[in-house]
Amino acid sequence: MISTAGTTQTGLLVDPTELAERLDRELLLTDWRAIVAVVVARPGLERAIDRVHKEVLQRHQIPQSRVAYYDAQRDEAGRKRLAAINRARDSLLNEKRLIWLHASSAADVRFLRATAPDLLSAIDLFVELHLHEADEADWPTCRHQLRELIKSRHGMLDFTGLLPASVEQRHLPLSKLYQPLVELNEAALGPAPRDRSTPQGLLVLGHPGTGKTTFVRHLAWTYASDSADPLAIGPRIPVLLSLSDYSHVREHDRVMNLVDFLPRWLDAQGISGSKAISEHMPDVLLLLDGLDEMRSPDARRVVLHEMSQLLRQGGVGGVVVTGRSFLVDELDGEHHPLRIVSTRAARPEEIRAFLEAFVTYRGAGRTNVEDLINRIERDPDLRALARTPLMLAFTAILNELEGRLPDRRIEIYYRLGEMLVDRWTRARSIGTIGTIGTIGTIGTTKHRHATPTRADALRVLGPLAWWTMEQGGGAVSEAALEQELQRIEAKRETAEQAARQSSALLDLLRRDTALLVPRAGNQWSFVHRSVGEYFAGAHAERDHKRWHDLLEDPFRSEWREIILFCSGQLGIIEGRVDSLDELVSTILDKSRRPGRYDATYPSLLIGLLEELPGLSRQQTTKIAARLLELVLTMSFTHGAARQIQRDFVDLLLKSHGLPAEILGAQLRRWFSKKTRSIRWDRLFVAGLWSDASKPPRSIANENFYQIVLTMLGPLLWSIEPDLRDRYQIDIGPTLVRWKQQNDWRYRVAEWFVTSSDEQLERPFGEVARELGLELA
Amino acid sequence: MATTNDELWHTGEEMARPSKELFDWWRPKLKALDPWREVQDDEIQQLYAEREGAVYSDLAAELGLAAERPADVKVILCGARGSGKTTELARLAHDVKQDFCVVQTDLATGLQDGANTLAVVTLLGVAALHATKVWSAPDTALVKLLEEPDNAVKRGATVLDKALGRFRDAVPSVTKLLESISSIVTLFDPTTGAGLATAAHGVATAGSAVSTASRLRLDLTRGPLEGRLPPDQHEDAQAVVEAVNGILHELELLAGRPPLLLADGLDKRLKLDEVALALDDERLLRDLQAPLVLTGPVNLRHDPRFRAVPGNLRLALLYNVPIMRRAKSPKGAGSNDAQVSPEGVEVLHDLYRRRQAGADLPEELFGDDLIELAANNCAGIMRDFLWLLHEAGKTALIRSARRVEQQDLHAAMKKRRLELEGYLDEDALTILKRVLDKGTLPGSPEADTLLFENFIACYHNGDIWFRPHELIVEFVRHKRSDG
């Protein structure tokens with residue numbers, strides 16, 4: 001029966017009863033042509049849809065022959081069928097009574113729109129179906145399931161694939177291996193928000209492999225198991241979300257706020273009552289991993305803005321966002337409520353602890369590990385490499401499997417790549433004799449070329465890695481991955497053969513190598529983003545277009561690692577100095593050119609000096625000269641200035657050999673002969689109150705030492721005595737110059753450099769009085 | 001069409017509201033405003049507003065002036081979706097049917113995927129042959145006609161079969177194509193002025209138009225009619241053109257007036273490269289000895305082949321009704337701020353008045369202020385304007401009212417706005433922001449798609465300028481400040 005009584009429903013969201021009513025109404029009103037209905041219903045509601053469909057047809061006595069029903073199928077066959085319906089719009093409107101288009105997502109709707117634009121311009125009814133009973137929010141259940149999910153998903157580190165199949169224990173407990181490489185004390189954290197009542201918000205920045213993801217995974221596990229409260233925010237329900245998932249939805253489905261996206265993401269993880277989370281955000285610790293995996297800078301800014309708003313309004317229990325260091329360039333000034341903190345290098349005792357745990361929990365022998373620890377502690381190159389958890393794990397694995405240790409990052413990735421590719425080629429060879437189902441399709445002929453080579457592997461892996469980087473570097477759907485493999489293969493094979501090979505290749509990549517690992521939602525990603533970047537970098541020079549692109553925009557922040565790997569591959573692995581020289585010359589040229597991607601943030605130059613990918617002495621000197629010029633004279637945003645100084649000081653403190661020699665010579669020159677050119681007014685801008693004409697009264701009782709770090713920046717903080725002693729810098733001319741300045745910061749800096757450690761522990765207000773500084 | 005089953009109204013408890021009587025009261029009014037109702041040939045003049053410098057009247061004048069060499073008139077009518085291309089074709093046919101033998105073909109349903117220009121020519125040739133049959137022996141069955149020793153249809157089919165046979169591959173039999181072509185061809189009877197055999201009517205006895213057109217597409221799915229034509233087959237293609245010209249000549253003799261080929265629906269190809277393929281050998285179309293007007297997507301305006309060079313196919317562009325104009329800046333220079341243009345709004349007022357008169361709609365159904373509000377928010381697309389009125393009418397019905405109020409129109413506008421917004425991803429928003437800021441269109445396929453899909457309007461008052469659809473302007477502005 002038709003019940004139009006009192007209904008005023010015209011909105012998008014309807015339940016099945018309302019859907020039936022709306023269809024009834026349209027059919028009653030329009031009896032001179034077919035009505036076009038688009039019904040969006042997420043998977044699981046098919047039964048409800050069927051019921052409405054049958055009821056309505058029966059009620060209006062419409063035979064099936066006068067209904068055109070289309071269920072959005074985004075494959076080629078589905079596209080063709082829909083295109084045919086679209087072409088026949090006018091005839092269908094005349095002949096049929098009901099044209100029903102079914103979609104499961106906004107992406108489906110966009111597909112409908114793209115494929116059947118004519119038909120969709122004639123929509124009579126557009127609704128999204130939901131069930132009230134399914135939507136009932138149940139926070140206790142949701143909370144419990146979330147905790148269990150986090151504990152099961154993040155309690156262990158998975159080394160499957162990286163470790164040989166003969167190793168029995170490949171899942172190792174995170175809590176035992178975890179080394180805290182993110183300091184959460186006030187000294188390490190960036191400036192606190194002005195309103196200190198806002199909940200804890202952190203933006204953790206660091207270079208690849210420095211343990212950002214491990215940090216948030218450990219936080220998630222810790223709060224899920226209620227075992228500690230490292231953020232001092234009290235008990236919270238952790239939600240750890242990869243921002244690449246969110247980004248994917250923004251790009252491919254619809255633009256929505258992150259908080260609106262959460263219930264949908266939780267649904268996909270199988271959590272019940274997910275809608276309840278929106279009401280309970282103050283109980284939630286939101287852990288957002290991989291800000292850099294969002295491709296669009298606009299989208300990244302929107303996420304940070306949304307999180308800032310939530311924190312300011314107390315709308316969330318806590319937020320931790322991780323991202324690569326280059327993102328600091330995008331932060332919009334000093335008043336961000338997210339405090340910036342960087343991952344730090346592992347200390348010797350932490351390296352030892354990690355390696356011992358790594359061996360112990362796998363039940364392996366300790367002989368090798370003692371030897372490895374000794375070698376790392378003795379060798380400065382190895383020590384520099386082992387500072388990041390990922391490199392340490394790779395080093396340990398290589399040491400175990402190959403009994404040898406490379407001393408450069410590029411060599412570790414190269415060896416690791418060779419090892420993984422070798423495993424792939426062996427698997428594929430086995431496949432040709434029929435062990436692995438579809439793999440046989442590649443090697444069905446007995447031609448000797450049927451056995452894959454390293455070149456075959458690189459031919460596919462390089463472009464594939466580039467493609468995943470272009471997608472943001474995070475997880476990609478299996479269907480998209482296969483499509484891309486097919487596209488790569490189609491460059492040299494017929495479409496049919498390419499389709500066959502891509503299917504088999506995908507099978508191999510998934511099952512027999514550690515290169516690709518599964519993620520939630522039938523998605524795949526490289527085992528670590530940096531492994532994808534290595535293959536992209538190794539391939540770059542072979543791909544004319546991409547090589548050209550790299551040379552055009554070498555300072556594009558998301559290409560930093562690719563450029564570094566590419567340089568290493570050319571200079572260290574392949575010894576192709578012509579191409580390396582071209583790349584380095586371009587980088588130097590472009591470091592002087594203004595422009596969107598030629599950012600003055602000198603992270604790439606620091607990376608080149610750290611890794612020294614076969615650079616000549618002349619190139620090293622030029623890079624060092626440009627780096628010092630940038631750091632000591634250029635103006636950066638507050639957030640970026642702090643990070644740059646941190647990276648710069650880190651480089652100065654860990655360099656040895658040729659770069660240390662060159663950096664030292666140039667530093668001495670700047671501090672003695674060019675001291676007037678150093679822009680201390682810009683170097684002092686790393687603090688929250690740096691632009692104030694007087695120091696604020698609120699810091700009067702705080703430790704002078706910490707205030708200098710927070711307010712005057714890492715470079716000043718490290719000059720005395722570390723940098724001065726290491727590089728024999730004469731800071732006399734600098735002190736003379738500071739004395740001539742009126743700004744209070746120069747007085748504080750001078751006092752800091754010339755005072756003893758004991759004096760530096762005094763309260764800031766006391767020192768300020770001694771210096772005759774007035775507090776604001 | 002199905003009639004309302006009275007039983008549906010009895011709930012067993014009480015009569016549902018709004019009442020059946022109210023539904024019956026509203027139905028004819030909504031029908032009059034329905035942008036998707038099939039408008040009969042004789043209603044067109046009455047129901048559609050006259051635009052300033054209407055393309056159809058220009059084309060009619062051009063055809064009149066080219067009396068000596070009408071075949072020189074070769075035009076592609078381009079415009080966004082809903083800009084009124086089909087209506088313009090219908091009005092042109094209506095205007096010139098006394099002087100021309102109009103053969104209108106629906107390429108959207110008749111042409112197969114991947115069709116090349118040769119397929120278009122073949123289809124137009126078979127459509128002309130169908131017209132020949134209708135003009136010479138409308139009541140004789142095709143099979144019988146082809147058995148007769150000598151008639152125009154048999155001659156044409158034989159010559160065209162022979163020309164297609166030069167391609168050796170299995171080419172479609174012209175007889176087979178003729179059997180299903182009626183589902184996509186509309187002819188006009190010059191003596192009565194009525195549609196002689198429209199696509200929809202023509203299939204009344206032949207079964208579903210959709211399935212007949214599917215058969216036609218299937219028959220056309222042959223090697224030579226798909227994909228780019230190899231250079232060594234150009235001569236063979238030219239032979240097909242000659243065969244079609246022979247058919248056109250026979251038709252002219254029979255009808256006593258030159259044929260005019262109207263081909264609608266090329267713009268319904270989904271991909272631009274499919275459109276490009278169908279026009280790839282455009283010289284084949286140029287060589288047809290009949291005037292030809294094709295409709296195409298707005299993106300073709302970038303194609304240098306269709307610039308105004310004598311002998312080329314010429315582009316005729318359909319712009320949005322200019323309901324907005326650029327505001328003058330204090331210094332007198334143009335700016336990208338916009339204000340309502342009363343001239344454009346008046347065109348839409350006129351459209352409503354025509355519909356009102358045609359269906360005897362009550363004066364009070366829509367106030368003038370509502371018509372103006374709908375006009376201001378339809379981006380100058382007549383179809384969107386009607387849709388807003390139609391939808392607002394439905395909302396008023398739900399309130400059990402007999403007069404549309406502002407709230408009803410606002411609800412309709414909101415519905416359309418949400419629908420538009422739902423399709424936009426970040427890339428599209430970036431383009432729309434740029435269009436809003438600059439008033440120009442970025443040179444990318446994505447921007448072209450947004451233009452074609454009516455997310456961007458193109459106005460031609462003063463210079464040509466672009467602006468996001470009026471309903472999403474605020475959304476785009478808001479997202480810009482987000483960014």
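Helices here are DSSP runs of H or I with at least four residues, strands are DSSP runs of E with at least two, and both are numbered from the N terminus. This is a predicted model, in which local features need pLDDT of at least 70, side-chain atom pairs count only at pLDDT 80 or more, and totals for chains, interfaces and linings use all residues. Residues are numbered from 1 along each chain as its sequence is written, while chains are lettered from A and ligands numbered from 1 in the order in which they are written.

**View 1. Helix 2 of chain A and the residue that follows.**
Let's start with helix 2 of chain A, which covers residues 46–59. Its 14 residues reach 20 Å from the first C-alpha to the last, close to the 20 Å expected at 1.5 Å a residue. That expected span is 1.5 Å times one less than the number of residues. After the helix comes Gln61(A), with a positive phi near 50°. For context, chain A has 36 helices and 15 strands.

**View 2. An open sheet in chain A.**
Five strands of chain A form an open sheet in the order 1-5-2-4-3, with parallel pairing. Two strands count as paired if DSSP finds at least two bridges between them. Which strands stand at the edges? They are strand 1 (13–14) and strand 3, and each has a single partner strand, so one side of each is left without a neighbour in the sheet. Strand 1 of chain A pairs with strand 5 (residues 125–129) of chain A over two bridges, in the parallel sense, and here Leu13(A) stands opposite Glu128(A). Look for Ala68(A), whose bridge partner in strand 4 is Ile99(A). Ala68(A) and Tyr70(A) make up the covered face of strand 3, whereas Val67(A), Tyr69(A) and Asp71(A) lie on the uncovered one.

**View 3. The nonpolar cores.**
A nonpolar core is a set of buried Ala, Val, Leu, Ile, Met, Phe, Trp, Tyr and Cys residues joined through C-beta atoms within 7 Å. Buried means that 20 or more other C-beta atoms lie within 10 Å of a residue's own, exposed means 12 or fewer, and partly exposed is in between, with C-beta atoms placed from the backbone. The largest core has 181 residues, and those with the most contacts inside it include Val38(A), Val120(B) and Phe385(B). Helix 6 (residues 117–136) of chain B gives the most to this core, with 13 residues. A second, separate core of 165 residues includes Val182(A), Leu311(A), Phe394(A) and Leu716(A).

**View 4. Ala393(A) in its helix.**
Ala393(A) is found in helix 17 (residues 389–402) of chain A. Is Ala393(A) buried or exposed? Ala393(A) is buried, because 22 other C-beta atoms lie within 10 Å. Its C-alpha atom is separated by 8.0 Å from that of Leu355(A), 38 residues apart along the chain.

**View 5. Helix 15 of chain B and its buried face.**
Helix 15 (residues 342–359) of chain B has 18 residues and reaches 26 Å from its first C-alpha to its last, close to the 26 Å expected. Among its buried residues are Val345(B), Leu348(B), Tyr352(B) and Arg355(B). Just after the helix, Asp360(B) takes a positive phi of about 55°.

**View 6. Strand 6 of chain B with its partners.**
All six residues of strand 6 (residues 292–297) of chain B are buried. Strand 1 (residues 74–79) of chain B pairs with strand 6 in the parallel sense over six bridges, with Leu77(B) opposite Thr295(B). Strand 5 (residues 259–264) of chain B also runs parallel to strand 6, joined by three bridges, and Ala263(B) stands opposite Leu294(B).
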